[in-house]
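Colleague: Hey, I've never looked at this one before. Could you walk me through it?

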Amino acid sequence: MEHTNLIKATLVSEQQIKQRIAELGKQITADYKGRRPIVIGVLKGAWIYLADLLREVDLDVDVDFMSVSSYGSGTSTSGTITIVKDLSVDVTGRDVLIVEDIVDSGLTLARLKDLMRDRNAKSVEISTLLSKPSRRKVEVDVKYIGFEIPDEFVIGYGLDFDEKYRTLRDICVLAEEAYK
Ligand code: PRP
C-alpha cells in the first residue's frame with residue numbers, strides 16, 4: 001500500500017482481532033438466543049467490523065446502517081449528532097445492537113442510545129471493536145468491547161485518516177508526522 005511509511009506500529013494484529021471477534025460473536029449469540037436483534041452499523045468506520053462480527057454470530061438478525069455527524073463543543077459534554085443517513089427499519093419494540101469501530105468521547109454512542117430509546121426500542125446495547133477509556137467525556141455503557149486502547153491515533157480495519165487506511169488488516173498507529 002502506498003502510504004505504509006506513515007504507519008508507526010501495529011497495535012492490534014489481524015490475528016488478535018479475529019480471535020477476539022470470535023469470542024464476542026459467541027457471547028452475542030448466547031445473549032440473544034431465541035431473539036432476532038436489529039444490528040445497526042454506524043458508517044463509515046464500522047462496516048468491516050460489522051461484517052466480520054456478524055459472521056461469528058449464529059442468529060437471525062436484521063442489519064441496517066446509520067451515518068451521523070457529531071458536534072462536540074470543546075470540553076463540553078453537550079455534543080449533539082446530526083443524522084446524515086437514517087435507518088430504513090422501525091426499531092419499535094425491537095432489540096437493537098449498535099456496532100461501532102471506536103468509542104472515544106462517548107458522545108456519539110450516548111446520543112445514539114438515547115435516540116433508539118426515544119424510538120421505543122425494547123433494548124439497546126453497544127458493541128465496539130475499540131474503546132479509548134481515557135478520552136471519555138460522557139459515561140456510556142458498552143456491553144461488548146473488543147479492545148481497550150491508549151489514546152493513540154489509530155488507523156486500519158475500518159478506521160481512517162483523511163479517508164485513507166480503512167482497509168489495512170491490522171489496527172495500526174499513525175506516525176505523528178502524518179498529521180502534525
Ligand atoms: C468515529 C467513530 C464513532 C465516533 C466516536 O467516527 O466511528 O462514530 O467517531 O467518537 P466519540 O466517542 O468521540 O463520539 P468518525 O467521526 O471518525 O467517522 P467515520 O466512522 O466515518 O470514520
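This is a predicted model: local features need pLDDT of at least 70, side-chain atom pairs count only at pLDDT 80 or more; totals for chains, interfaces and linings use all residues.

Colleague: Okay, where does the ligand sit?

Modeller: The ligand is in the largest pocket.

Colleague: And which residues come nearest to the ligand?

Modeller: There are 14 residues around the ligand, and the ones that come nearest are E100, D101, S105, G106 and T108.

Colleague: What distances do you get for the side chains of E100 and T108?

Modeller: For E100, a side-chain N or O atom is 2.5 Å from an oxygen atom of the ligand. For T108, the distance from a side-chain N or O atom to a ligand oxygen is 2.5 Å.

Colleague: How much of the ligand does the protein cover?

Modeller: On its own the ligand has 500 Å² of accessible area, and the protein covers 71% of that.

Colleague: Which element gives the most to the shell around the ligand?

Modeller: That would be strand 5, with four residues. Strand 5 spans 95-103, and both strand 5 and helix 3 (107-118) supply at least two residues of the shell.

Colleague: What about the classes of residues in that shell?

Modeller: Six are charged, four are polar and four are nonpolar.

Colleague: Where is the place of K44 in the chain?

Modeller: K44 is in the loop that runs between strand 2 (38-43) and helix 2 (47-54).

Colleague: Changing topic: in what order do the three strands of the open sheet come?

Modeller: The order is 1-9-8, with antiparallel pairing. Strand 1 (7-12) and strand 8 (154-155) are the edge strands, because each pairs on one side only.

Colleague: How many bridges are there between strand 8 and strand 9?

Modeller: Two, and strand 9 covers residues 171-174. If you want a pair to look for, V154 has V173 in strand 9 as its bridge partner.

Colleague: What's in the loop between those two, say at Y157?

Modeller: Y157 is found in the loop between strand 8 and strand 9. Phi of Y157 is near 50 degrees, which is a positive value in a residue other than glycine.

Technical notes: Residues are numbered from 1 along each chain as its sequence is written. Side-chain values use heavy atoms; hydrogens and water are left out. A residue is near a molecule or strand if one of its heavy atoms lies within 4 Å of it. A polar contact is a pair of N or O atoms within 3.5 Å; within protein, one must be able to donate a hydrogen and the other to accept it, and residues adjacent in sequence count only if both atoms are side-chain atoms. Accessible areas come from the Shrake-Rupley method with a 1.4 Å probe; for residues, only the protein chains shown count as cover. On a 1 Å grid over the protein atoms alone, a cavity is a set of points where a 1.4 Å probe fits but cannot get out, and a pocket is an open set with protein on both sides within 12 Å along at least five of seven lines; lining residues have an atom within 4 Å of a point. A molecule sits in a cavity or pocket if more than half of its atoms lie within 2 Å of its grid points. Ala, Val, Leu, Ile, Met, Phe, Trp, Tyr, Cys and Pro count as nonpolar, Asp, Glu, Lys and Arg as charged, and the others, Gly among them, as polar.
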